[in-house]
Amino acid sequence: MARFADAFLRRREASVLLVALGLMVYFRAVSDVFLTKDNLINIAQATAPTAIVAVGIVLLLVSGEIDLSVGIVAAFAPFLLHFAIDFYNVPALLAFVIALAIAAFIGLINGLIVTKLHVASFVVTLGTFFAVQGLLLITSHAYPVPIPESMKGRFQTWIGAGPWASIIWALIIVAIFHVVLTRTRWGLHTISVGGNPVGATEAGIRASRIKIGNFMITSALGGLVGIMEAARINTIDPNIGGGTTLTFYAISAAVIGGTALAGGSGTVAGAFLGALVLAELQNGFNLIGYSANTIYLILGLAILASMIANQYLSRLRRAGRT
Amino acid sequence: MTTTALQVNGIAKRFGALTALRDVTLHVDKGEVLGLIGDNGAGKSTLIKILCGYHRPDAGDIIVDGTPVVLRSVDHARSLGIDTVYQDLALINELSVYHNMFLNRELIRWPLLSNRVMRRRAAEHLKDMGVNIPDVTVEVAKLSGGQRQAIAVARSVYSDARVLLLDEPLAAMGAKEGALILDLIRDLKRRGSVSVIIIAHNYAQVLDVCDRVNLLQHGRITFDKRATDTSLEELTELVVAEYRRPR
């Protein structure tokens, strides 16, 4: 028993799982509705977008990079879908693929500038953030539009409007990329490139290819989240469903989940739990009756506290026996 | 059938204003161990990094097994049988011992890594070498300098390389681990299939294990003798003479 407990606690995800469960118990105690079905759907729908984008952020952080533009790509993608369907009569499913491909292309540009021109990803993606925001506001005239007719029905339900649709997508994506990061060559090389960039190159790993790939995955996941959110709220709005909030939530989820900003280590499953913790905090304090402004303050402090705790715990883990 | 495993002619390399290599010509025969000595900054590591495909030379030819080649990348050099132990070891601290030993040569059962097979083989290889690492699943970060060096060497030795480049493989080694690496090189020599170029500062060890010694000075090879035809005194004198001359 003690050995199980020990093995569990030395897993990177353990601490954030305990926090997620603790919050669940606490909010259930102070609010009867916290664990009702309707509210669980709320939490699930708040968790999913953050979790999906956080998957990409984890891959990038582990390979030693970051993407600040992913949130605005999420806002842009449903407009691409709308343009393709309503202006060019493209079938909905094909338009969906095109929108994701264009999102991935933005990731490709980020990756190429970072790896070939050797500009820090923080700066590059800050640039792409504003550039894509400009494109978004120009092409949409800053007005929201209803989702295209041909998207309605089964496609809309499956992609995001169904009560559990988004969280199921999130769980599938998290499961896939957890395996990718821990059990495949791509994951091993992602860790290598972030852990020891020179050493990885000396071993013949093509660092640029790994990084560019991870930028493309992140952007494509951002695009997917944007389309999912548009399907859920039935509107394509340039001002919500993306932007900086989604990016910052995703980075917070990744870091709360136990991913280091320094590169070389991180966990996708942890990032999912991080997104769950953020959603619980927001939802729970909302139920208790705090105003939205107070919740931001609490959220900020909670993020700081969990990041400090994580830093401390991972140091303990590293010092631990082997 | 040629007996030269690797030959380079007139290799030059500049980094901006710094000329690292002027005109390097050397060769290593099949099954031969060549010792490369020289001052710090003489260009030894640069030469190794050119031979392994990490840097491209500005001028000169590289001939592998009698065929002129342009080494496009480390991967390409590896595919031609040239493998390297770098001075900085090129280990990934965050990965386990066995993942490091199979880095960029992972065994795959698509799409997943064959971790169990890699774990077993890594443990076998290290045991064969006499390296005492009880658990190959440990992160490399937790090992001592000597153990890390042994893993880096083991990784290249078991890669089926035909030309092995060792950049100061004895630098971080204690006496015991150093002897282990030297034994390994002797063992390779006995098998006769692998050529080795080894950079070292300990001339006694160089004379002990190498067939031939080259001295690299100011980006040129200035000395080439069989180990049996030279002595510790001569080698020391050669390197120190240059330092004394201007005085």
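This is a predicted model: local features need pLDDT of at least 70, side-chain atom pairs count only at pLDDT 80 or more; totals for chains, interfaces and linings use all residues.
Val24(B) is found in strand β2 of chain B, which covers residues 18–29. When neighbours within four places in sequence are left aside, the contacts of Val24(B) are Val8(B), Ile11(B), Leu47(B), Gly219(B), Arg220(B) and Ile221(B). Val24(B) and Ile197(B), which are separated by 173 residues in sequence, have C-alpha atoms 14 Å apart in space.

The view may now be widened to chain B as a whole. Its secondary structure amounts to 8 helices and 12 strands. The C-alpha trace of chain B spans about 60 × 40 × 40 Å along its principal axes. A compact globule of 247 residues would have a radius of gyration near 18 Å, and the value of 18 Å for chain B therefore agrees with that expectation. Buried residues account for 42% of the 247 residues in chain B. Among contacts in chain B between residues at least 6 apart in sequence, 69% join residues at least 24 apart.

Chain B also touches chain A. To this contact chain B contributes 23 residues and chain A contributes 18 residues. On the side of chain B that touches chain A, the elements giving two or more residues are α2 (74–79) and β8 (112–113) of chain B. The largest share of that side, 3 residues, is supplied by α2(B). Sorted by class, the side of chain B that touches chain A holds 13 nonpolar, 4 polar and 6 charged residues.

Chain A has 14 helices and 2 strands. Its C-alpha atoms fill a box of roughly 60 × 60 × 30 Å along the principal axes. For 322 residues, a compact globule would have a radius of gyration near 20 Å; chain A has 20 Å, so the two agree. Of the 322 residues of chain A, 52% count as buried. Among contacts in chain A between residues at least 6 apart in sequence, 78% join residues at least 24 apart.

The UniProt record, an unreviewed entry, places the feature "transmembrane region" at several spans of chain A, including residues 39–61 and 91–112. In the model, residues 39–61 of chain A are 100% helix and 0% strand, with end C-alpha atoms 32 Å apart. Residues 91–112 of chain A are 95% helix and 0% strand, and here the end C-alpha atoms lie 31 Å apart.

The largest nonpolar core comprises 170 residues, and those with the most contacts inside it are Ala51(A), Ile52(A), Ala54(A) and Val55(A). Helix α3 (residues 37–62) of chain A provides the largest share of this core, 15 residues. Beyond residues up to four places away in sequence, Val55(A) touches Ile173(A), Val174(A), Phe177(A), Leu221(A), Val268(A) and Ala271(A).

Key. Residues are numbered from 1 along each chain as its sequence is written. Chains are lettered from A and ligands numbered from 1 in the order in which they are written. Two residues are in contact if their C-beta atoms, placed from the backbone, lie within 7 Å. Helices (H or I, at least four residues) and strands (E, at least two) are DSSP runs, numbered from the N terminus. Ala, Val, Leu, Ile, Met, Phe, Trp, Tyr, Cys and Pro count as nonpolar, Asp, Glu, Lys and Arg as charged, and the others, Gly among them, as polar. A nonpolar core is a set of buried Ala, Val, Leu, Ile, Met, Phe, Trp, Tyr and Cys residues joined through C-beta atoms within 7 Å. A residue is buried if 20 or more other C-beta atoms lie within 10 Å of its own, exposed if 12 or fewer, and partly exposed in between; C-beta atoms are placed from the backbone. UniProt positions are given in the numbering used here, feature names are shortened, and annotations may be inferred rather than shown by experiment. The radius of gyration is taken over C-alpha atoms; the globule rule is 2.2 Å times the number of residues to the power 0.38.
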